[in-house]
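This report walks through one protein chain, from its overall make-up to single residues. Please keep the sequence and the 3D view open while reading.

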Amino acid sequence: MKAYMVKGIITLFLMPLVPLALTGCAGSASSINVTENSTSDADVYDMEFHRGGRDARPENTLYSYQYALENGATTIECDVQLTADGILVMSHNPALNPDITTDSEGKRIEADRYYISDMTFEELQEFNVGSMDESCEYYKLHGRTQVTANAAIPSLRQLFEMVRDSGNGDVRLSIEAKAYPDPEMGAAYEKSPDADRVVAAFSELVKEFGFEKRVTLQSFDWAVLKKMKELDPEIDTIALYCEQPSWGDPDSTTLWLDRDAPSPWLAGLDIHDFDGDPVKAAASLGIDNVSPYYEEITKELVDEAHELGMRVVPWTVNNAADMERLYEMGVDGIITDRPWILRSFLEANGEALMPVVQVDLPY
């Protein structure tokens, strides 16, 4: 257990093993205001808190983003969807996930009923996404170490406000634009928001907050990234991809190496025209970096990306053995659900890191 002293306050970077019940609006109680910045992000290893750190706090909520800010995240990794009234909101799934969501009466919701693109931001506020169903497999994977909370789905604006008001000028945001260009995905494809609307809304908000140099837009749908570069070349982009199924679904691949047709995920490219090389394919579109599924990374891929001036940041790495393997390959950062494991590993390897701090926000 590692303790850090900041202005006389000891903060332990240890994930509580017993979930605690938090109440109220996320970000309203013990919130954040970083009073001292650490070394700049150029001096620290890129430790990315996946969905804010979903094995520690409810994913993609102000609680998880607060946790990331307080516990030394170099980058907060998160996801955005677009509501019916054009608001970018923080959610990984296109429809509210019953594993983590209850309605205004505290009842677990039905699967595939509440699609975010069909609902307004105000309607989404009726749901609590801060407490897992302890009987589900998702809880076994991510809920046992999570501190639960009564949390509404926040907007991207609220996240930007939190980061701005924290005073932490170093932390970055890697924001995944969720899009579903594959017709085989059924309802998700049919309800997928228009990429032009997503990119325009994102760009407008980034400019309003002056976050052009602090955000990265990532997506499995490379058409979104292509549109982002066309609209604002200043915004850093990351091409997400995976070829082997990462969650047991044989169709959860995006490159289509084993199919004759071009993948709908690659903005009109055919991966076979690039000899099956996703790094070269992404570079041909002007995409800045790549983020593969961690089991698909090789030293050759990392070296190739670096030669092209691209960073490599794998997802989602949750044990020390995999972290060590990837670190030795020279990846530029690691995305994790369990940042306390990553921090311990990086400290053992002498990496400079952002500090763990106790801070307050004026909310």
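## Basis of the report

The model is predicted, so local features need pLDDT of at least 70 and side-chain atom pairs count only at pLDDT 80 or more, while totals for chains, interfaces and linings use all residues. Residues are numbered from 1 along each chain as its sequence is written, and side-chain values use heavy atoms, with hydrogens and water left out.

## The whole chain

The protein contains 11 helices and 12 strands. Here helices (H or I, at least four residues) and strands (E, at least two) are DSSP runs, numbered from the N terminus. Of its 363 residues, 56% count as buried. Buried means under 20% relative accessible area, exposed means over 50%, and partly exposed is in between (1.4 Å probe, protein chains only).

The accessible surface comes to about 15200 Å², and 49% of it belongs to carbon and sulfur atoms. Such areas come from the Shrake-Rupley method with a 1.4 Å probe; for residues, only the protein chains shown count as cover. A contact means heavy atoms within 4.5 Å. Among contacts with a separation of 6 or more, 64% are between residues 24 or more positions apart.

## Nonpolar cores

In soluble globular proteins, nonpolar side chains tend to be buried together. A nonpolar core is a set of buried Ala, Val, Leu, Ile, Met, Phe, Trp, Tyr and Cys residues joined through side-chain atoms within 4.5 Å. In this protein the largest such core has 83 residues, and Leu156, Phe160, Phe202 and Trp222 have the most contacts inside it. Helix α6 (residues 195-209) supplies the largest share of this core, 7 residues. Apart from it lies another core, of 11 residues, which includes Val89, Met119, Leu124 and Phe127.

What does Phe202 touch, leaving aside its neighbours within four places in sequence? Phe202 is in contact with Leu88, Leu156, Ile175, Val215, Leu217, Met228 and Ile235.

## Salt bridges

A salt bridge is a side-chain nitrogen of Lys or Arg within 4 Å of a carboxyl oxygen of Asp or Glu. The whole structure has 18 of them. One joins the side chains of Arg54 and Asp337 (2.7 Å, N to O). Arg54 lies in the loop between β4 and α1, and Asp337 in the loop between β12 (333-336) and α11, so this pair ties together parts that are 283 residues apart in sequence. Arg54 is buried because its relative accessible area is 9%, and Asp337 is buried at 1% relative accessibility.

Asp288 forms another salt bridge with Lys229, their closest N and O atoms being 2.7 Å apart. This pair also links distant parts of the chain, 59 residues apart: Asp288 is in the loop between α8 and β11 (289-292), and Lys229 is in helix α7 (residues 222-231). Asp288 is partly exposed at 23% relative accessibility, whereas Lys229 is buried at 16%. In a further salt bridge, the side chains of Asp322 and Arg325 meet at 3.5 Å, N to O. These two residues are separated by about one helical turn because they are 3 residues apart in helix α10 (residues 320-329).

Thr75 is part of strand β5 (residues 75-82). Is Thr75 buried or exposed? Thr75 counts as buried because its relative accessibility is 4%.

## Two residues with positive phi

Arg51 is not a glycine, yet has a positive phi of about 55 degrees. Arg51 sits in the loop between β4 (46-50) and α1 and counts as buried, at 7% relative accessibility.

Asp275, likewise a residue other than glycine, has a positive phi near 55 degrees. Asp275 lies in the loop between β10 and α8 and is exposed, with a relative accessible area of 76%.
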